[in-house]
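Here are a few notes to read alongside the model. They go through its charge pairs and then a spot on its surface.

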Amino acid sequence: MVQLPTAVDRIEVRHRRFFVKRDDAIDPLLSGNKYRKLQALVETPADAYRGIVSYGGTQSNAMLSIAALCNSKGWAFHYSGRLLPERIRQQPQGNLKMALELGMQLHELEPTAYAAAVPLLRQQAEADGNLFLPQGGADPLAARGIRQLAIEIDDWQRAEGIKRLNVVTPSGTGTTAYYLAASLPGSEVWTAPVVGSRGYLAEQMQRLGALPANLRLIDTPERHRFASPYPELLALWQELKGAGIEFDLIYGARMWHVLLQYIDAIDGEILYVHSGGLIGNATMLERYRHKGL
Ligand SMILES: *Cc1c(COP(=O)(O)O)cnc(C)c1O
């Protein structure tokens with residue numbers, strides 16, 4: 001059973017106090033912002049759809065969360081991804097393994113066929129009585145659950161008597177940060193791109209609407225390739241774990257890396273919204289070990 005509102009903890013990092021909204025505690029599979037983005041569907045009656053159609057990376061957290069949702073609703077889940085390496089097809093791991101066990105039907109496509117298929121998926125899905133969800137759940141349907149998160153933050157801020165609040169959360173598609181900023185006009189919402197550049201992130205967000213004025217897209221000059229191991233990100237992740245909270249190694253570690261570089265420019269209290277994804281840490285730690293880090 002999901003317990004809302006989620007708790008807010010405090011940690012001290014480099015002599016500064018941070019509040020952390022523990023959305024990672026919502027559910028291991030429907031974790032963090034994925035629960036928030038899918039909340040509208042969690043509350044949708046099972047007979048509203050036959051299934052969900054989506055696409056994207058084959059270790060994606062969104063993929064795993066949608067698989068868990070479909071499993072609990074008795075919905076089919078059709079997911080298109082790029083061709084798997086033979087080794088992975090024989091022995092799926094991590095999020096892919098769990099999603100397949102939850103009944104996800106994976107449709108592997110050649111890279112050229114993949115690019116061509118994606119625009120057709122929506123039409124096909126809707127004709128078949130399925131719901132189409134864009135990659136990463138980047139859909140206006142996400143607004144409802146994120147608005148609920150914003151209400152929890154607002155209530156907490158009031159109870160704590162905090163005047164100036166900065167809310168921080170990492171971005172993939174930017175859907176979470178976008179709707180958070182739109183729902184918290186009195187706060188600044190800071191986010192960093194984890195998947196591509198700042199420009200690419202802004203472009204993704206603009207598909208949802210005009211960028212809210214209180215939304216701050218921050219980045220640092222070094223390029224961290226998405227989901228690749230970097231010693232500085234691992235070290236920071238360990239430091240944060242030592243401070244008392246485990247974050248995810250892909251989004252969380254990079255968001256904190258950027259945040260700490262901007263820290264002197266941020267006035268007021270900071271609430272970091274934990275975006276979940278801890279279940280992927282085992283696979284990432286394995287990759288770090290593989291690299292000898
Ligand atoms: C999916 C995910 C994000 C990115 O969320 P968007 O709404 O796509 O920006 C951030 N953190 C974690 C842990 C995620 O799994």
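1. One term to start with: a salt bridge here is a side-chain nitrogen of Lys or Arg within 4 Å of a carboxyl oxygen of Asp or Glu. Keep in mind that this is a predicted model, in which local features need pLDDT of at least 70, side-chain atom pairs count only at pLDDT 80 or more, and totals for chains, interfaces and linings use all residues. Residues are numbered from 1 along each chain as its sequence is written, and side-chain values use heavy atoms, with hydrogens and water left out.

2. Have a look at Glu108 and Arg89, which form a salt bridge with their closest N and O atoms 2.8 Å apart. The pair links distant parts of the chain, 19 residues apart: Glu108 sits in strand β5 (residues 105–109) and Arg89 in helix α3 (residues 86–90). Helices (H or I, at least four residues) and strands (E, at least two) are DSSP runs, numbered from the N terminus.

3. For the cut-offs, buried means under 20% relative accessible area, exposed over 50%, and partly exposed in between (1.4 Å probe, protein chains only).

4. How many salt bridges does the structure hold? There are 19. Another of them pairs Arg144 with Glu43, the closest N and O atoms being 2.7 Å apart. Arg144 lies in helix α6 (residues 143–160) and Glu43 in the loop between α1 (32–42) and β3 (51–55), so this pair ties together parts that are 101 residues apart in sequence. Arg144 is partly exposed at 43% relative accessible area, and Glu43 is partly exposed at 45%.

5. Next, Arg223 and Asp219 form a salt bridge, with 3.7 Å between the closest N and O atoms. Arg223 is partly exposed at 46%, whereas Asp219 counts as buried at 13%. Elsewhere, salt bridges that share partners join Lys21, Asp23, Arg36 and Glu152 into one network.

6. Finally, the surface: Val195, Tyr200 and Phe226 form a nonpolar patch with about 250 Å² of accessible area together. Patches are made of residues with over 30% relative accessible area and no salt bridge, joining like charges within 9 Å and nonpolar side chains (Val, Leu, Ile, Met, Phe, Trp, Tyr) within 5 Å. Accessible areas come from the Shrake-Rupley method with a 1.4 Å probe, and for residues only the protein chains shown count as cover. Phe226 is in the loop between β9 (215–217) and α9 (231–243), and is partly exposed at 35%.
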